[in-house]
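The following note sets out numbered points on the model shown below, for a colleague who will examine the coordinates directly.

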Amino acid sequence: MQLQSIRILRRSSAVCFRASLPFVPRAGRRTLATLADDVRSDSTFRIPLIDFSNFRTATSLSEKRRTADEIVNGFKEVGFIYLDKHGISDKVIDGVFQKSAEFFRLPEEVKSKLAWDDPRANRGYVQIGRERVTQSADAKEIAELRAKAPDYKESMEIGRDWDKVFKNKWPQEADAPEFRQTMLDFFQTCHELHTIVMRALAIGLDLDEMFFEDKINEQYHNLRLLSYPPIRTLLLRRDGQARAGAHSDYGTLTLLFQDSVGGLEVQNPHTKQFQPATPIPGTIVVNAGDLLSRWSNDVLRSTLHRVVAPPAKKISETEGVTPARQSIAFFCNPNGGAEISCLPNCYGPGREKKYPPVTTEEYIVGRLSATYH
Ligand SMILES: O=C(O)CCC(=O)C(=O)O
Ligand SMILES: [Fe+2]
């Protein structure tokens, strides 16, 4: 009987109303309190590192639930986690980094033939200075920011390849051998990981494990290869300037693969200070995006982040150079037509739904239109 009641409480503790519960059993309380306590001070702030292997190999729901709770807790408290033992091999990731580097080394005239030209398509090459990520929704303000302090990066955006309306902009095979196939395979691999992590989120939010399945199966995602050229650190430290300005992502989850250079920073949502998301070999940085946050009535956080100068390599007292950096972001989205309205369990008496329903497509195209020119 006692076991039974503990189990019920433990289950309830995973849903959105956890904070109002009078009692959380010992084991759960210790884990949860630790992260919640740590992130309330910048000196102890941490992005939780989650071993995903137990979830991937678990055979029972209760086994899965432990990892699922950790993940949901990470997104509630920080909005970011490091996912370890995620199942994507180093070899695969290294191969994608290599093909990406080869692509960015192509002459500018080859890349510019593939230029990004439509927010609805969101495909193609974006040269330095075309994007300025920001939280502002005001077109004039964004244009001013872009003119004054554009993001120092170039990117290549890839969508699902079988889309009937929008076509990916692939380089010629002779210019970039195996680029296309490498990216297509990786797209599929990341899609599969997204599906599994969303199952974990469903469990952690006390929904059916398959709750998201038919809402995220159309691969309405975006694979973004990023290249940040070397830059004089003084330039990067100028007012408002960054490799990527502070922003949140738009979709459900972002799977971010970074090299060892560093510079990614995450805003501590409790203190508003930016904290480094130091590269940890073998892990994927995973963050919740705005649509997931909105879906969950802000229970899961979509946290601001930016890319700034990591510790510079000094070439003289006054002039340092920030080395080139590469990263790969896989922006996962619900299906384009999926209606994002408050999840069951995330609203109730005393907890109003904060947002009207919106479709993924309406939301994402609106955000993309505002940040590019
Ligand atoms: O390059 C990175 O580490 C982060 C990139 C990013 O946040 C983005 O493109 O949305
Ligand atoms: Fe981002």
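**Notes on the predicted model**

1. Leucine 223 stands opposite phenylalanine 330 in strand E15, and isoleucine 158 stands opposite leucine 223 in strand E5. Strands pair where DSSP finds at least two bridges between them. E5 and E15 run antiparallel and are joined by 7 bridges, while strand E4 (residues 154-158) pairs with E5, also in the antiparallel sense, over 5 bridges.

2. This is a predicted model: local features need pLDDT of at least 70, side-chain atom pairs count only at pLDDT 80 or more, and totals for chains, interfaces and linings use all residues. Residues are numbered from 1 along each chain as its sequence is written, and chains are lettered from A and ligands numbered from 1 in the order in which they are written.

3. The chain has 11 helices and 17 strands; these are DSSP runs numbered from the N terminus, with helices (H or I) of at least four residues and strands (E) of at least two. Of its 373 residues, 40% count as buried. A residue is buried if 20 or more other C-beta atoms, placed from the backbone, lie within 10 Å of its own, exposed if 12 or fewer do, and partly exposed in between. Among contacts (C-beta atoms placed from the backbone, within 7 Å) between residues at least 6 apart in sequence, 76% join residues at least 24 apart.

4. Strand E5 is largely enclosed by the rest of the structure, because 5 of its 7 residues are buried. E5 (222-228) also gives two or more residues to the shell around ligand 1, as do strands E8 (253-258), E12 (305-307) and E15 (325-331). The shell, defined by C-beta atoms placed from the backbone and lying within 6 Å of the ligand, includes Arg224, Leu226, Asp249, Gln258, His305 and Ser327. By class it has 6 nonpolar, 3 polar and 2 charged residues; Ala, Val, Leu, Ile, Met, Phe, Trp, Tyr, Cys and Pro count as nonpolar, Asp, Glu, Lys and Arg as charged, and the others, Gly among them, as polar.

5. Which residues have the most contacts inside the largest nonpolar core? They are Ile71, Ile81, Leu255, Val286 and Phe330, in a core of 76 residues. Helix H8 (residues 179-204) provides the largest share of this core, 11 residues. Such a core is a set of buried Ala, Val, Leu, Ile, Met, Phe, Trp, Tyr and Cys residues joined through C-beta atoms within 7 Å. Leaving aside residues up to four places away in sequence, leucine 255 touches Cys190, Leu193, His194, Ile284, Val286, Phe330 and Cys332.

6. H4 is mostly covered, with 13 of its 17 residues buried. Just after H4, glycine 79 takes a positive phi of about 90°; just after H8, aspartate 206 takes a positive phi of about 65°.

7. Lysine 111 lies in helix H6. Is lysine 111 buried or exposed? Lysine 111 is buried, because 22 other C-beta atoms lie within 10 Å. Apart from neighbours within four places in sequence, lysine 111 is in contact with Leu106 and Tyr125.

How values were computed. Contact = placed C-beta atoms within 7 Å.
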